[in-house]
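I have kept each definition beside the place where it is first needed.

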Amino acid sequence: MEFKPRIVAFLCNWCSYTGADLAGTSRMQYKANVRAIRVMCSGRIEPTFVLRSFIKGADGVLICGCHPGDCHYQEGNYRCLRRFLLLQKYIKQMGIGTERLKLEWISASEGKQFAELVNSFSETITKMGPCKIKDTMAVLT
Amino acid sequence: MEGSKPKLKLAVYWAAACGGCCVSVLDVHEKLFDVVAAADLVFWPIALDTKYKDVEEMPDQHIDLTLFNGAIRNSENEHMAKLLRKKSKILVAYGSCSHLGGIPGLANFSNREDLFNRVYSECESVDNPGKVRPLPEYKVKEGTLKIPEFFNDVRSLAQVVDVDYSIPGCPPQTERLLEVFNAIVSGAELPPKGSVIGAGTKTQCDDCTRKKSENKKIKKFYRPWEIKDDGVTCFMEQGVLCMGPATRSGCGYRCIKGNAPCRGCYGPPDGVTDPGAKMMSAIASIIDEKDPEEISRVLEDVVDPAGLFYRFSLPVSLIRRKLV
């Protein structure tokens, strides 16, 4: 059976979710294996959210926020960037490929870029195959 | 003891532990007389000559209170955890290893095969030309020798059996143990099952008296020996990683009082499942850089985030072992 990755996307309310919405209203076609979760700001995304996504079976996690300098709350996306860079170090140590966690800036007008991003990320994850985290966690002896 | 209450039956057991928890029980010093006045120690391998079969012969629920310290590393630990659960009315996960997995839990960065390779083959001081490995069973002419089976995973006590309470700490503060013990002896109403007792509910930072300002801005992280600590200012504000923001209070911030940053042995405060993730969140908030390259440069000083943030809690964290 063909592997269809499960991707969780955290999108900030002000830019990226609106951007994704634009992709939809413009009737752009993109891969359907993304599950979008709207948060008020990319700075709201705690590392716990990302780790829990992987535990619950996500093969990839995508975080999108406003471009640097454009954050509705001024600094939220910078916090997100720092958390992301630290999380990458951590998940690498835990044996999860760093490619499985991606951060991109998507503005409210970048519907096309969002569609392309989803397609390319989905392709990367499909090539990598399923994340083995669920199997590893299941063994407790 | 005519007319008085029957004495409590108390047991202390160590699984995968260093022995420090048992010593923390001994640290009650002369109060030990009060303890033995109120309780009979029925099983305590470090101090008494009692055998496993003595415990096996006890009726179920015979022991009133068992302090179980140490993580579950092998089949012997697991057997004793299940046995003591059956024989005890109250089973307490005592100390970080039992509560969170503790230092032995760091073995979850590896697995049995890798550990055996390192210990019995690769280690510089090992001379093992026959490549001898421990086997759970070995036949000799006198019969079959058995040793406990070594597991791939280290687990906390609650991941193996039902636990009534947890007392955190590496080791737990003896005063807090006495408080808990006195509460049980006096018959006071006990907290709901599953509670963490003998500790606070908030974080270390809520207790810590070091000077803190709102304006935490870090451009470089230092190892404790790289700076001259002024003894007054918050460690984080001086650029030293301190686990205080994601660690439960209750120890009296002793490490910090001793001018060493908190290591996180009391585990996460109430309502937090994953202390390391909270710590990553906190640290990322105080780095004063906006450029990805500059941020990465600052983060280079956090050499081993997984080992640092999950030093005591890897087996109970969200990603409880390295993927293999």
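1. In chain B, 75% of the contacts between residues at least 6 apart in sequence join residues at least 24 apart, two residues being in contact if their C-beta atoms, placed from the backbone, lie within 7 Å. Please bear in mind that this is a predicted model, in which local features need pLDDT of at least 70 and side-chain atom pairs count only at pLDDT 80 or more, while totals for chains, interfaces and linings use all residues. Residues are numbered from 1 along each chain as its sequence is written, and chains are lettered from A and ligands numbered from 1 in the order in which they are written.

2. Chain B has 12 helices and nine strands, where helices (H or I, at least four residues) and strands (E, at least two) are DSSP runs numbered from the N terminus. Its C-alpha atoms fill a box of roughly 70 × 60 × 30 Å along the principal axes. Of the 324 residues in chain B, 41% are buried; a residue is buried if 20 or more other C-beta atoms lie within 10 Å of its own, exposed if 12 or fewer, and partly exposed in between, with C-beta atoms placed from the backbone.

3. The domain assignment divides chain B into domain 1 (8–103 + 153–185), domain 2 (111–151) and domain 3 (204–316), the bounds coming from an automatic or database domain assignment. Between domain 2 and domain 3 of chain B, the C-alpha centres are 39 Å apart.

4. Turning to the contact between the chains, 26 residues of chain B and 28 residues of chain A take part. On the side of chain B that touches chain A, strand 8 (150–155), helix 10 (275–286), helix 11 (292–299) and helix 12 (305–309) each supply at least two residues, and the largest share, six residues, comes from helix 10 of chain B. That side of chain B comprises 15 nonpolar, four polar and seven charged residues, with Ala, Val, Leu, Ile, Met, Phe, Trp, Tyr, Cys and Pro counted as nonpolar, Asp, Glu, Lys and Arg as charged, and the others, Gly among them, as polar.

5. In chain A, four strands form an open sheet with parallel pairing in the order 2-1-3-4, two strands being paired if DSSP finds at least two bridges between them. Strand 2 (34–39) and strand 4 (101–105) of chain A are the edge strands, each pairing on one side only. Neighbouring strands of this sheet are turned by 20° against each other on average, direction ignored; axes are lines fitted to C-alpha atoms, for helices over the stretch in contact, and angles run from 0 to 180 degrees between N-to-C directions.

6. Helix 1 (residues 16–25) of chain A packs on the sheet and touches strand 1, strand 2 and strand 3 of chain A, its direction making about 115° with that of strand 1. Helix 3 (residues 76–93) of chain A also packs on the sheet, where it touches strand 3 and strand 4 of chain A and makes about 160° with the direction of strand 4.

7. Five bridges join strand 1 (residues 7–12) to strand 3 (residues 60–65) of chain A, with A:V61 as the bridge partner of A:V8, and five bridges join strand 3 to strand 4 of chain A, where A:G65 stands opposite A:W105. Both faces of strand 3 of chain A are covered, with A:G60, A:L62 and A:C64 buried on one side and A:V61, A:I63 and A:G65 buried on the other.

8. A:R27, in the loop between helix 1 and strand 2 of chain A, has a positive phi of about 55° and counts as exposed because it has 7 C-beta neighbours inside 10 Å. B:N259, in the loop between helix 9 (254–257) and helix 10 of chain B, has a phi near 60° and counts as exposed because it has 11 C-beta neighbours inside 10 Å. The peptide bond from B:C170 to B:P171 is cis, with omega near -10°.
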